[in-house]
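Here are some notes on the charged pairs in this structure. Please read them with the model open.

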Amino acid sequence: IVEAAGPDNPLRRTVRNLGIAVVATVVFLGGFIVGESPLTRQPGPYLIAGESRSVSPQILDAAEFADEHLPPHSRILVDRVNATLMAAFGHLDPVVGEINGIRVSHVFFSKTYDKEDQDVVSEDAIDYIVVDRRFAEKEPASGFYYEHDEPSGGKPISSEAIEKFAALEGLQRIYDNGAIAIYDTTALRSLP
C-alpha cells in the first residue's frame, strides 16, 4: 500500500501522462476549431470566394488547360482565389491593384465594357481574362471576390457584368467549361 502512494509508481505515471495527453489534445483541438476560419474548415461544400473551399474541378480543369495551352507568365485578370490556382498550376501571372488610378477589378464589375476597362486591359498588357460565372449566382463567402474594398458590397456580381465578355468584339473565348471561361485579349488590347 505504501508503494501505491509513491511518486515513481508506474500506475501514477501512466495516469499523469494520460492526463497531460488529454489536456494537450483538448487545447490543440480547441485552438484549431476556434482559431480556424469557418471558410477554411475541411471538409465542407464548395463556397464561392470561400478560400480553400473554392477549389473545384472546374477551376482545376481551367488551370490544367492554362498549363498545357497558354504561354507561362502570361498576364491575367482573375479573382483572388482562382488566381492562386491559375498561378500555381497554370503558371500564369495574376494582375492586381491599379493602373492609371483604375482598379483592375473594375473590368469585372462594370455592366458594359467601357473606356476604363479598355485602359486596364491595354495599359496593363493583360493577355487573358478568367471569368467565373458562378459569381452571378451567390454572394462571396469571404465578403469579396477580388479585393476588400470592391464595389460588390458582398453581393453577387450582376449577370450583365459577367455576360458582357461573351459578346465583346475583340475578345476571343479560348476555354469554357460552363463555370469558368478564359478569354484571349490579343485583339482587344489593340483597340483604341
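1. First, a term. A residue is called buried when its relative accessible area is under 20%, exposed when it is over 50%, and partly exposed in between. Keep in mind that this is a predicted model.

2. How many salt bridges does a search of the whole structure find? The search gives 8.

3. Take Arg 103 and Glu 147. Their side chains form a salt bridge, with N and O 3.0 Å apart. The pair joins distant parts of the chain, 44 residues apart. Arg 103 sits in strand β4 (residues 102-103). Glu 147 lies in the loop between β5 and α7 (159-163). Glu 147 has a relative accessible area of 15%, so it counts as buried. Arg 103, at 32%, is partly exposed.

4. Arg 103 has a further link. A network of salt bridges connects Glu 98, Arg 103 and Glu 147.

5. Next, Asp 124 and Arg 75. The closest N and O atoms of this salt bridge are 2.8 Å apart. Buried or partly exposed? Asp 124 is buried, at 12% relative accessibility. Arg 75 is partly exposed, at 29%.

6. Last, Arg 173 and Asp 176. They form a salt bridge whose closest N and O atoms are 3.5 Å apart. Arg 173 is partly exposed at 43% relative accessibility. Asp 176 is partly exposed at 34%.

Terms used: Residues are numbered from 1 along each chain as its sequence is written. This is a predicted model: local features need pLDDT of at least 70, side-chain atom pairs count only at pLDDT 80 or more; totals for chains, interfaces and linings use all residues. Side-chain values use heavy atoms; hydrogens and water are left out. A salt bridge is a side-chain nitrogen of Lys or Arg within 4 Å of a carboxyl oxygen of Asp or Glu. Buried means under 20% relative accessible area, exposed over 50%, partly exposed in between (1.4 Å probe, protein chains only). Helices (H or I, at least four residues) and strands (E, at least two) are DSSP runs, numbered from the N terminus.
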